[in-house]
Amino acid sequence: MNSKELGKKYDRIAQWWHENHRDSRYGLKQLDLALKFVPGGRSALDVGCGAGGRIIRELEVHGFAVTGLDVSERMIALAMENHPNGSFQVADICTWETGEKFDLIIAWDSIFHLPLQMHRPVIDKLSSLLEKGGVLMYTFGNAVGEHTDVWQEDEFYYSSIGINDNLAALIENGLTVMHLELDQFPEKHVYVIATKS
């Protein structure tokens with residue numbers, strides 16, 4: 001699935017997503033842990049930010065200037081309405097370029113839509129976009145391979161390189177893993193927090 005196709009799928013459910021996640025606490029406990037490792041600075045990148053909401057609100061409360069990326073035009077339009085002080089772009093993290101560095105990068109339930117062969121290049125990119133001492137938090141699947149699943153009456157593509165290859169990628173990029181958890185066990189949902197030394 002290419003990013004344009006994925007963006008259109010999320011365009012169709014953007015309003016539903018926004019309305020059903022407005023008051024959600026999903027992922028905030030994990031974000032609060034990640035924030036404990038951020039030593040200073042206040043720039044954050046949210047990869048797959050969707051319509052914004054809970055995660056960006058929490059970042060704003062903590063004084064972060066937030067840049068949000070998403071492949072869905074409709075999600076980005078909603079994010080701009082919800083967070084007028086943020087900076088939002090319709091963009092694919094695989095091809096997006098910036099000269100900016102960030103103190104915190106979050107990719108919550110987003111990069112599992114990447115083509116399988118793009119996981120390592122994207123982890124390399126996210127690692128390179130961190131300031132020294134910066135924190136990376138993202139989610140992935142505890143499995144290796146790719147599959148599709150039906151959600152919201154549409155078919156979505158998912159992939160993962162698994163726990164070991166994610167850990168190897170982080171370590172080889174000079175990051176230290178501070179926390180890794182299968183936070184929805186027995187589901188195969190993993191989140192990791194790593195810092196750049």
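Reply: Aspartate 109 sits in the loop that links β4 (102-107) to α5 (119-128); helices here are DSSP runs of H or I with at least four residues, strands are runs of E with at least two, and both are numbered from the N terminus. The model is a predicted one, in which local features need pLDDT of at least 70 and side-chain atom pairs count only at pLDDT 80 or more, while totals for chains, interfaces and linings use all residues. Numbering starts from 1 along each chain as its sequence is written, and side-chain values rest on heavy atoms, with hydrogens and water left out.

Now look at the backbone of aspartate 109: its phi is positive, about 50 degrees, although this residue is not a glycine. Most residues other than glycine have a negative phi, and most peptide bonds are trans. Glutamate 153 also has a positive phi, of about 60 degrees, and is not a glycine either. You will find glutamate 153 in the loop between β6 (144-151) and β7 (154-161). With 81% relative accessibility, glutamate 153 counts as exposed (buried means under 20% relative accessible area, exposed over 50%, partly exposed in between, with a 1.4 Å probe and protein chains only). For a cis peptide bond, go to phenylalanine 185 and proline 186, where omega is about 10 degrees. Proline 186 belongs to the loop between β8 (175-182) and β9 (189-196).

Proline 121 lies in helix α5 and is partly exposed, at a relative accessible area of 36%. Leucine 130, in contrast, is buried, with 2% relative accessibility, and its place is in strand β5 (residues 130-141). Apart from neighbours within four places in sequence, leucine 130 has contacts (heavy atoms within 4.5 Å) with Lys101, Phe102, Asp103, Ile105, Val135, Leu136, Leu175 and Lys196. Alanine 77 is 53 residues away from leucine 130 along the chain, and their C-alpha atoms are separated by 26 Å.

Our last stop is a pair of helices. Helix α1 (residues 3-21) packs with helix α4 (residues 73-82) at an angle of about 35 degrees, and their axes are 7 Å apart (axes are lines fitted to C-alpha atoms, for helices over the stretch in contact, with angles from 0 to 180 degrees between N-to-C directions). On the α1 side, Tyr10, Asp11, Ala14, Gln15, Trp17 and His18 make the contact, and on the α4 side Glu73, Arg74, Met75, Leu78 and Asn82 do. Sorted by class, five of these residues are nonpolar, three polar and three charged (Ala, Val, Leu, Ile, Met, Phe, Trp, Tyr, Cys and Pro are nonpolar; Asp, Glu, Lys and Arg charged; the others, Gly among them, polar).

Which residues of α4 are buried? They are Met75, Ile76, Leu78 and Ala79. These residues cover an arc of only 160 degrees around the axis, so they lie on the same side of α4 (the arc is that of the directions from the helix axis to the C-beta atoms). The buried residues of α4 pack against α1, β2 (65-70) and β3 (87-90), while the face turned away from the buried side carries the exposed residues Glu73 and Glu81.
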